[in-house]
Amino acid sequence: MGIMQQVADGISVAGILVIIALGLGITFGVMKIINMAHGELIMIGAYVTYLVCTEGKMPFVLGMIVSFLVTALVGLLLERFVLRRLYGRPLETLLATFGISLFLQQLIRMLFGPDGKSVVSPFQGVLMIGEVAAPYFRLFIVAIAIVMVLTTAYVMHKTKFGIQLRSVSQNRDMCECLGINTSKVDAYTFGFGAGLAGLAGSILAPIKSVSPTMGLDYLIDSFMVVVLGGVGSLMGTLFGSAAMGESNQLLTTFMGETGAKIVVFLLIILVIRFKPEGLFRMERR
Amino acid sequence: MLLKRLGINETFAALALVFLAVFPMFASEFRVELMGKFIVFILFAFSLNLIWGYTGLLSLGHAVFFGLGGYVLALSYSLQDGVPSFMARFNIEEIPLLMRPLLSTPLALLLGLLIPALLAGLIGYFVFKSRVSGVYFSIITLALAKLFEMLIVNMQAYTGGFNGLMGLPRFPVGGEPMDLVPYYYLVLAVTAAAFLFTRWLTHSHFGKVIKSIREDESRIRFLSYNPANYKIFVFAVSGLLAGLAGMLYVPMNGFISPQDSGIAMSTSLVIWLAIGGRGTLMGPIVGVLIVNWLSNLLSEQYPTLWQLILGGVMVLIVLYLPGGIYGAVESWWKDRGLRKKYAAKEDQEGEAVLYKESEVL
């Protein structure tokens, strides 16, 4: 395989990383909530898509929408009954969401069994650009990633909700004085982040096996992306995904999957040591 | 009476020790082996308690150090009779150079302690020196656990791969492997020593510093301590203890597999300690014994339900019982002492109060 093919594959891996890390970029990056159940929210999204598209034989787009709504609802419930009591206590939040992730994993295993499920890809066929093969579904993923980033950027910067969300994350007390219902903003923000995770699961369902334990890898990867790119910046998440996707893909050709993962891990430890604010952190103010 | 003179931790520790010491006299061999494993887990929980309970840094990949210790010893056993079969299958004709030191058992025992400690120290150096929050540490250790498991499965020629290493004997003393019951007492003695070590360390000046790091790191920095160095040291000691637990586990269990050194084991450990009570001396003992006993009782009949309950209990513990079971008992006991003191003050005047007070304290 040519190097161009690897680069192209790397772009689609980066697209996947953007999609899975975007929700975490909001809950962890902006709200500073450590959500260990992020991977399980992705998994729930994938299962919902399985139910809608494979069992219910509905179109894929419907699966995406329903996944977003269902996981957003799960997120709202989590925020309301668990996370809200733990704001400002990161270690407790981490532990509680860890428990939630175990709970959700087991719940899904009880409901659907331990075996992997499959969802049929809505796009078949491959586009050839010169020597480089680009399956339509991979192109779709990259396109979706771009759309998701743009939409999130629009929501965060142009809507009233986004402006409130960013101001609450900067100065909660002042926002309360100005009459913003901060707990409502918290709830909706977490719901939005959770919904994005569900959407990610929905998009990944056709290319990955849908199983109860699928969440863990996504959790680790998305945290890595957010750390690499810089906590709290959307562009950071984008660049972090690109850097991680490409390096993972290119290194895999030379040293196998495990080798590549180890090198990327070491790289991230180095980043934490020498550039803890992330590689692509934009200067604020 | 005993409770007052010894203090609550010491009383419970003594009771637990007596219980564990007489256990082999009444139980079947199967039960003794099981309880022996639990004692190893208690030692393992002590190691996490140092870094999580006392220093406030949750390691989600502690089984890596456990597994490193275990694999060092297991490899050392396997290499004793020349090239083991799992290596021969990959056409490795002589023992790899890097594994030569493991041929000597004392050296292997030493390496089983040093390698985990060194790895922990290195990771600690990179993560703690740059003052990032504890969350980074948790994620990095989680990724480490995932990676280590993958690595062991992948390097099948050197580690036995997915199936792990099997048929491992107990510590050979004078050529013969130890019997179960003497080995059980050896494990118990080491764990008791680790308990005393934890008690000594956390009551010392050093222990006060790490506890203050947990409570408020910037304040301790103002007092001209360097929290990073303390954290690195505690994590290295914690890694060493975990390696020790791994080495004791291998002969008791008879085999070691990648599952023992990856995510699953790390997760179980966190659950034991969270339920038992992190940051308390007896928490690891209470947590390991209760959760494992219940797990043995329930997981055969209701394996899936059990996992569901564990996850739910974790959430409830965090919300309503942050100190775990033993933390609740301990704080009840302390409050009780105080309540008595104030009650006495209201009841009587003069010397009687002083007398009562000195008795309570």
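In the predicted model, 31 residues of chain A are in contact with 34 residues of chain B, two residues being in contact if their C-beta atoms, placed from the backbone, lie within 7 Å. On the side of chain A that touches chain B, two or more residues each come from α4 (90-112), α9 (215-229) and α10 (234-274) of chain A. Helices (H or I, at least four residues) and strands (E, at least two) are DSSP runs, numbered from the N terminus. The largest share of this side of chain A, 15 residues, is provided by α4(A). By class, the side of chain A that touches chain B holds 23 nonpolar, 3 polar and 5 charged residues. Here Ala, Val, Leu, Ile, Met, Phe, Trp, Tyr, Cys and Pro count as nonpolar, Asp, Glu, Lys and Arg as charged, and the others, Gly among them, as polar.

This is a predicted model, in which local features need pLDDT of at least 70 and side-chain atom pairs count only at pLDDT 80 or more, while totals for chains, interfaces and linings use all residues. Residues are numbered from 1 along each chain as its sequence is written, and chains are lettered from A and ligands numbered from 1 in the order in which they are written.

Chain B comprises 17 helices and 2 strands. Along the principal axes, the C-alpha atoms of chain B fill a box of roughly 85 × 55 × 45 Å. Of the 361 residues of chain B, 43% are buried. A residue is buried if 20 or more other C-beta atoms lie within 10 Å of its own, exposed if 12 or fewer, and partly exposed in between, with C-beta atoms placed from the backbone.

Within chain B, helix α9 (residues 180-203) packs against helix α12 (residues 227-253) at an angle of about 170°, with the axes 11 Å apart. Axes are lines fitted to C-alpha atoms, for helices over the stretch in contact, and angles run from 0 to 180 degrees between N-to-C directions. α9(B) and α12(B) are therefore roughly antiparallel; angles under 35 degrees count as roughly parallel, over 145 as roughly antiparallel, 65 to 115 as roughly perpendicular and the rest as oblique. Tyr183(B), Val187(B), Val190(B) and Ala194(B) of α9(B) make the contact with Leu241(B), Leu248(B), Pro251(B) and Met252(B) of α12(B). The residues of this contact are 8 nonpolar, no polar and no charged.

In chain A, helix α6 (residues 160-170) and α8(A) pack at about 110°, with their axes 10 Å apart, which makes α6(A) roughly perpendicular to α8(A). Phe161(A), Gln164(A), Leu165(A) and Val168(A) in α6(A) meet Thr182(A), Val185(A), Tyr188(A) and Thr189(A) in α8(A).

Gly198(A) is located in helix α8 (residues 182-204) of chain A. Gly198(A) is buried, with 31 other C-beta atoms within 10 Å. Leaving aside neighbours within four places in sequence, its contacts include Leu41(A), Ile44(A), Gly45(A) and Val48(A). Helix α2 (residues 38-55) of chain A has 15 of its 18 residues buried.
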